[in-house]
Amino acid sequence: DQENKIIPVPKEIEYLSNTMSLKLSKDLKIYCSEDNLRSIATIFVEQLNLLGHKHQLSYDKSTNANISLLLDDTLEAEEHRITTDQNIKISGGSYNAISAAMTSILHLLEKKGEDILFPLVKIRDFPDASYRGLMIDLARRWHTIETLKKLIDLSAFYKLNYMQLHLTDDQSFTFPSEAYPKLATIGKHYSKEELVNLVDYSKRR
């Protein structure tokens with residue numbers, strides 16, 4: 001029997017084979033039903049490459065691609081479905097649903113020598129709670145923007161969908177203020193540009 005690797009455990013998962021698996025091509029062709037889904041594909045390949053396997057990404061105009069990302073308005077907003085067989089097909093009710101599905105794909109992969117393998121599965125999943133969050137108290141324990149980006153990546157990996165930044169308190173004032181610039185705690189504050197960039201980074205995940 002196959003052992004589930006996805007966190008949290010999917011609502012429905014069916015293993016199609018105990019012996020066969022899908023080998024991921026290093027020349028990845030991804031089909032996106034909407035252009036904005038390309039951000040998900042780019043992030044996915046970046047994460048694959050962190051494993052030491054360099055994948056080349058291109059976009060295919062047909063669903064015969066290695067991976068297909070399909071928006072499906074018949075699904076609930078955070079519901080997604082995954083099939084891995086001859087290729088990987090992902091459908092979701094929204095950008096966020098497809099992003100969560102791609103995270104499940106990362107959970108499923110197995111690194112074997114020079115190959116990346118996936119079990120042959122069918123999955124249907126959606127979260128139990130609409131708010132799944134992490135709060136970071138930056139007023140008491142300041143972190144760099146790069147550290148916050150790593151925490152965003154980890155939150156996305158475990159399918160959290162909110163990150164609350166506690167930016168001000170008695171200990172320090174880390175929020176940028178154009179009206180009162182002297183409020184900022186020296187060496188422990190962020191610029192407006194840094195926070196705008198951080199929000200954009202988070203939205204794409």
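Reader: Where does Pro8 lie?

Author: In this predicted model, Pro8 lies in the segment before β1, the strand of residues 12–15. A cis peptide bond joins Pro8 to Ile7, with omega at about -10 degrees.

Reader: What makes the pair of Lys11 and Asp125 a salt bridge?

Author: The closest N and O atoms of Lys11 and Asp125 are 3.9 Å apart. A salt bridge requires a side-chain nitrogen of Lys or Arg within 4 Å of a carboxyl oxygen of Asp or Glu, so the term applies. Lys11 lies in the segment before β1 and Asp125 in strand β10 (residues 121–125), so the pair ties together parts that are 114 residues apart in sequence.

Reader: Which other salt bridge does Lys11 form?

Author: Lys11 also forms a salt bridge with Asp128, with the closest N and O atoms 3.2 Å apart. Asp128 belongs to the loop between β10 and β11 (133–137), so this pair ties together parts 117 residues apart in sequence.

Reader: How many salt bridges does the structure hold?

Author: The structure holds 13 salt bridges. One of them is between the side chains of Arg204 and Asp200, at 3.4 Å from N to O. Arg204 is partly exposed at 31% relative accessibility, and Asp200 is partly exposed at 40%. Elsewhere, salt bridges that share partners join Glu12, Glu79, Arg81 and Arg124 into one network.

Reader: What span does helix α4 reach, and what is expected?

Author: Helix α4 (residues 192–203) reaches 17 Å from its first C-alpha to its last, close to the 16 Å expected for its 12 residues.

Reader: Which residues of α4 are buried, and why are they said to be on the same side?

Author: Leu195, Leu198 and Tyr201 are buried in α4. They cover an arc of only 120 degrees around the axis, which puts them on the same side of the helix. On the other side of α4, Glu193, Val196 and Lys203 are exposed. The cover over the buried residues of α4 includes α3 (145–157) and β12 (162–166).

Reader: How do you know that Lys149 has no salt bridge?

Author: The nearest side chain of opposite charge to Lys149 is that of Glu146, 4.1 Å away. Residues up to four places away in sequence aside, Lys149 touches Asn197, Leu198 and Tyr201.

Reader: What is stated about phi of Lys159, and why is Lys159 called buried?

Author: Phi of Lys159 is near 65 degrees, a positive value in a residue other than glycine. Lys159 is found in the loop between α3 and β12. Its relative accessibility is 10%, and buried means under 20%, so Lys159 counts as buried.

Reader: What makes Asn161 partly exposed?

Author: Asn161 has a relative accessible area of 31%. This value falls between the 20% and 50% limits, so Asn161 is partly exposed. Asn161 is found in the loop between α3 and β12.

Reader: Which residues does Asn161 touch?

Author: Leaving out residues up to four places away in sequence, Asn161 touches Glu78, Ser130, Tyr131 and Arg132. The side chain of Asn161 reaches the backbone oxygen of Ser130 at 2.8 Å. Since a polar contact needs N or O atoms within 3.5 Å, that distance lies inside the limit. Asn161 and Lys203 are 42 residues apart in sequence and 9.4 Å apart in space, C-alpha to C-alpha.

Terms used. Residues numbered from 1 in each chain as written. Predicted model: local features only at pLDDT ≥ 70, side-chain atom pairs only at ≥ 80, totals over all residues. Heavy atoms only, no water. Helix = DSSP H or I, 4+ residues; strand = E, 2+ residues; numbered from the N terminus. Expected span 1.5 Å × (residues − 1). Buried < 20%, exposed > 50% of the residue type's maximum accessible area, 1.4 Å probe, protein only. Arc of directions from axis to C-beta. Contact = heavy atoms within 4.5 Å. Lys, Arg positive; Asp, Glu negative; His and termini not counted. Polar contact = N/O pair within 3.5 Å; in protein donor to acceptor, adjacent residues only side chain to side chain.
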